Amino acid sequence: MSLIRADLDTLPAYVPGRTVPGAIKLASNEVALPPAAAVLDAIAAAAHGGNRYPDLAAVSLTERLAHFCGVDAERIAVGCGSVSLCQQLVNSTCRETTDEVVFAWRSFEAYPIVTQIGGAVQRTVPLDGEFRHDLDAMAAAVGPNTRLVFVCSPNNPTGPAVTDAEFRRFLAAVGPDVVVALDEAYFEFVTDPDAVNGRTLIDEHPNLVVLRTFSKAYRLAGFRVGYALGAPPVIEALRKVCAPFSVSVPAQAAAIASIDHSAELMADLAPIVEERTRVREGLLAAGFTVPVTQSNFVWLALGDAAAPFAAHCMDHKVVVRPFAGDGVRVTVSHSEENDAFLAAARAFAG
Ligand SMILES: *Cc1c(COP(=O)(O)O)cnc(C)c1O
């Protein structure tokens, strides 16, 4: 008998982007700007109430989100980042050790971790030749034991978004008896009019859950707030399995203030969207293989050169996120930081 679950020995660790003093951090898909001044003020004001527990049900934030998203409050669950909501999804759909979770690979590194913690089996489906989800193959991988499917659009770490047409076809193929989680952590960066918008599909599909976050476009990664949109029974289940009080007092206040100032915050994303085209074209011109991206990062399909490339960038004081043997993900930031990265990348290519 061992004290601890033996299977945890094989649990992959979540690898956070490194923070290196004096180096440019392009490893975690954060926006480089700090939270907006008005958001910081709201956080400071909320901190005065930090001796009290947060609102367990996050009623004010949920109502604000409901209004903001144009849905009823019973269709929204907030969580301690959308990573936590991913874990809650596994915990609310899987119980038997034969239960399966399907997702693309490579995709978000939290999916295998939360699947294994939940005691479920992962079934991964390779991305296609353009580093996109192969949704037909994913639908084919759904079997009688499948309880949950994660679809990540835009896909972290490769960048392409799923189209509305292909996602509708996928939902029709999967049917209503399996929960489909559409992870839209980078939704606010999407400009392709053909890309899926999960919000528009939740009324028709009670098995669809859409995950969004304040960590990326809203610049609150350190505060930990995400939310799910879906049918009331699924949302209720997410709330049941949530660790109590997991969204803190300042986090709730920060998210509310961010909704109040969302127009300004979204306007700040325009330069990043422009820069992603410039960065990708610069990399293509230097000879790298870089898929199209609808997010705030680019993927360099470097294979075995991924780790050496990341070490080379580190020598140039740029921190990127390598996935050894596969590729490197680099956050698109403001032009000065992007130029530093492009210079390092060109030096590697040359
Ligand atoms: C960053 C990210 C999240 C959001 O994480 P939080 O827990 O909300 O900070 C979720 N999914 C994907 C694919 C991500 O890249």
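**Entry 1: the ligand**

Which polar side-chain atom lies 2.6 Å from an oxygen atom of the ligand? I looked, and it belongs to Arg224. I then checked how covered the ligand is: taken alone it exposes 380 Å², and the protein buries 95% of that. Areas here are accessible areas from the Shrake-Rupley method with a 1.4 Å probe; for residues, only the protein chains shown count as cover.

I note that this is a predicted model: local features need pLDDT of at least 70, side-chain atom pairs count only at pLDDT 80 or more, and totals for chains, interfaces and linings use all residues. Residues are numbered from 1 along each chain as its sequence is written, and side-chain values use heavy atoms, with hydrogens and water left out.

Next I turned to the backbone. A polar backbone atom of Ser82 is 2.6 Å from a ligand oxygen. For Val83, a polar backbone atom is 3.0 Å from a ligand oxygen.

**Entry 2: Asn296**

I found Asn296 in the loop between helix 10 (270-285) and strand 9 (297-300). Helices (H or I, at least four residues) and strands (E, at least two) are DSSP runs, numbered from the N terminus. Is Asn296 buried or exposed? Asn296 counts as buried because its relative accessibility is 0%. Buried means under 20% relative accessible area, exposed over 50%, partly exposed in between (1.4 Å probe, protein chains only).

I checked its side chain: a polar atom there lies 3.0 Å from the backbone oxygen of Asn29. Not counting residues up to four places away in sequence, Asn296 touches (heavy atoms within 4.5 Å) several residues, including Asn29, Tyr186 and Ile272.

**Entry 3: helix 10**

I looked up which residues of helix 10 are buried: Ile272, Val273, Glu275, Arg276, Val279, Gly282 and Leu283. They pack against strand 9 and helix 12 (335-349). After helix 10 comes Gly287, whose phi is positive, near 100°.

**Entry 4: the whole chain**

I counted 12 helices and 12 strands in the chain. Its C-alpha trace spans about 55 × 50 × 50 Å along the principal axes. Of the 350 residues, 52% count as buried. The chain exposes about 15200 Å², and carbon and sulfur atoms supply 55% of it. Last, I looked at contacts with a separation of 6 or more: residues 24 or more positions apart account for 72% of them.

Note on methods:
Polar contact = N/O pair within 3.5 Å; in protein donor to acceptor, adjacent residues only side chain to side chain.
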